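Please keep the sequence and the structure in view while reading.

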Amino acid sequence: TVENFLTLSRRGYYDRLTFHRVVKGFMVQCGCPLGDGTGGESCWGGHFEDEIRRGLRHDRPYTVSMANAGPGTNGSQFFITTVAAPWLDGKHTVFGRVRKGADVVFTIERAKVDKNDKPKQDIKIVSVTVQDE
């Protein structure tokens, strides 16, 4: 999962993509090249299997997980929780935590949205930079 996210990031895949789903009191979602939650694929093409780990849970805000449409359907879409969301454990692969920029996530979460939770004004990732440690 991390390899997929880093590879897509290094390729510029996420640059200029919109947060297509924002649910106040729950999460913000991005990673769909179509901007509507129906597209995207992994760095290998197509989907990849879940990588659920018992110790990695949706137990706090600012947890980064893969969005999917059911088991084995991970592609490029991801979401960041804004609350603890234990009902997602075992269904979505946790692969990160927001360490800096929680204020940005908080601001995105407060965006005005339509009836489908799509922000009324585009909120985009300008670019992603991967810093190797």
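In this predicted model, the residues F5, Y13, Y14, F78 and F95 come together as one aromatic cluster.

- The rings of F5 and F95 form a tilted aromatic pair, with 5.2 Å from centre to centre and 55 degrees between the planes.
- Because F5 belongs to helix α1 (residues 2–10) and F95 to strand β5 (residues 94–97), this pair ties together parts that lie 90 residues apart in sequence.
- F95 has a relative accessible area of 16%, and it therefore counts as buried, the cut-off for that class being under 20%.

**The pair Y13 and Y14**
- The ring centres of Y13 and Y14 are 5.4 Å apart and their planes stand at 80 degrees, so the pair is edge-to-face, a class that calls for an angle over 60 degrees.
- Y14 is buried, with a relative accessible area of 1%, whereas Y13 counts as partly exposed at 23% relative accessibility.

**The surroundings of H58**
- H58 is located in the loop that runs between β2 (27–30) and β3 (63–66), and with a relative accessible area of 1% this histidine is buried.
- When neighbours within four places in sequence are left aside, H58 is in contact with T63, S65, F79, T81, A84, A85, P86, L88, D89, H92 and V94.

Conventions: Residues numbered from 1 in each chain as written. Predicted model: local features only at pLDDT ≥ 70, side-chain atom pairs only at ≥ 80, totals over all residues. Heavy atoms only, no water. Helix = DSSP H or I, 4+ residues; strand = E, 2+ residues; numbered from the N terminus. Buried < 20%, exposed > 50% of the residue type's maximum accessible area, 1.4 Å probe, protein only. Contact = heavy atoms within 4.5 Å. Phe/Tyr/Trp six-rings, centres within 6.5 Å; stacked < 30°, edge-to-face > 60°.
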